[in-house]
Amino acid sequence: MRAVVQDRYGADPEGRLRLAQIARPQIGPGEVLVRVRAASVDRGTWHLMAGLPYPVRAAGFGMRRPRYANPGRALAGTVAAVGADVTGLQPGDEVFGVGAATFAEYACARADKLAVKPATLSFEQAAALGISGLTALQAVRKHGRVAAGQKVLVLGASGGVGAFATQLAKADGAHVTGVCSTTKVDLVRSLGADRAVDYTREDALDGRTRYDVIIDTGGNRRLADLRRALTAAGRLVIVGGETGGRWLGGTDRQLRAQLLSRFVGQRLGSFLTSENATDLGTLARLCASGELTAAVDRTYPLAEAAAAIRHLLDGRVRGKVVITV
């Protein structure tokens with residue numbers, strides 16, 4: 001099969017990723033072989049490709065060299081085969097979710113990390129949901145505990161996670177303010193934000209408005225600034241967006257937030273996304289009902305996976321970048 005291949009860690013996608021012919025992956029008893037139709041790119045894709053920060057390698061992705069053929073994880077496609085212990089899925093089913101080395105014609109995925117694709121979504125839209133959608137859902141509902149009538153601020157509202165978080169908070173009845181750059185204001189408004197703030201012209205954290213929940217996907221504002229814009233009992237959810245550092249990757253801000261949260265009335269912190277079929281099913285239902293949609297900025301063919309990651313790194317993405325197979 002055709003697949004993107006990476007032999008060594010490195011931050012430069014053009015110098016690390018190449019297209020090759022490799023054998024189809026073999027599935028275990030609880031796994032599914034998926035004929036990939038689309039796979040999305042997110043910031044985590046770069047971290048896996050670069051092997052940075054170093055704890056990423058210790059998390060099971062390979063210490064000295066990449067464990068998997070490529071850094072792709074979110075996918076959508078058709079079930080080609082199922083393991084002996086898999087129930088509820090069968091060959092021919094259209095699915096989406098999280099797998100391994102998904103920048104390929106075929107990829108393995110655990111059955112409990114897949115859900116049936118809504119008929120209303122294209123494969124490209126469904127692939128965009130896998131990781132960013134899960135992260136946004138858990139940020140808004142489990143950790144942000146967004147409720148009707150609350151004021152919610154989404155920093156980075158035009159990005160992969162931010163675009164989903166904006167829609168989810170609005171679907172839960174919140175008054176949503178989305179922060180983005182000038183060229184993305186129209187997108188954020190189209191996602192349902194009650195107010196779209198261009199950060200080049202206005203500081204949403206100036207303290208004039210206090211928010212019940214802040215979901216920060218930007219990763220470049222001080223904790224003091226974020227706390228100033230929170231209510232006394234507000235919640236701050238930091239979702240990735242960190243930069244720099246080979247050991248902590250900038251996550252020291254998340255660690256400081258969690259430590260400080262023990263001593264103040266505000267709830268401050270971050271989380272690791274739980275990849276599970278239950279939450280994927282929730283996303284599917286929200287998409288089927290029209291409450292959630294995937295904003296796909298651009299698609300790239302499999303052979304241009306490096307260009308897709310470069311486009312993400314350039315910071316001009318409106319929503320999600322997707323690789324089609």
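In this predicted model, the buried residues of helix H2 are Thr45, Trp46, His47, Leu48, Met49 and Ala50. These six make up most of the helix, which spans residues 43–50 and has eight residues in total, so H2 is largely enclosed by the rest of the structure. The cover over the buried residues comes from several elements, including strands S1 (2–6), S2 (17–21) and S3 (31–41). Helices contribute as well, among them H1 (13–16), H3 (55–61) and H11 (305–313).

Both ends of H2 are worth a look. At its start, Asp42 places a side-chain oxygen within 2.7 Å of the backbone nitrogen of Gly44. After the helix comes Gly51, with a positive phi near 70 degrees.

Elsewhere in the chain, an open sheet is built from six strands with parallel pairing, in the order S10-S9-S8-S11-S12-S13. The edges are taken by S10 (195–198) and S13 (267–270); each has a single partner strand, so one side of each is left without a neighbour in the sheet. On average, and with direction ignored, neighbouring strands of this sheet are turned by 15 degrees against each other.

Conventions: Residues numbered from 1 in each chain as written. Predicted model: local features only at pLDDT ≥ 70, side-chain atom pairs only at ≥ 80, totals over all residues. Heavy atoms only, no water. Buried < 20%, exposed > 50% of the residue type's maximum accessible area, 1.4 Å probe, protein only. Helix = DSSP H or I, 4+ residues; strand = E, 2+ residues; numbered from the N terminus. Contact = heavy atoms within 4.5 Å. Polar contact = N/O pair within 3.5 Å; in protein donor to acceptor, adjacent residues only side chain to side chain. Pairing = 2+ DSSP bridges. Axes fitted to C-alpha atoms, helices over the stretch in contact; angles between N-to-C directions.
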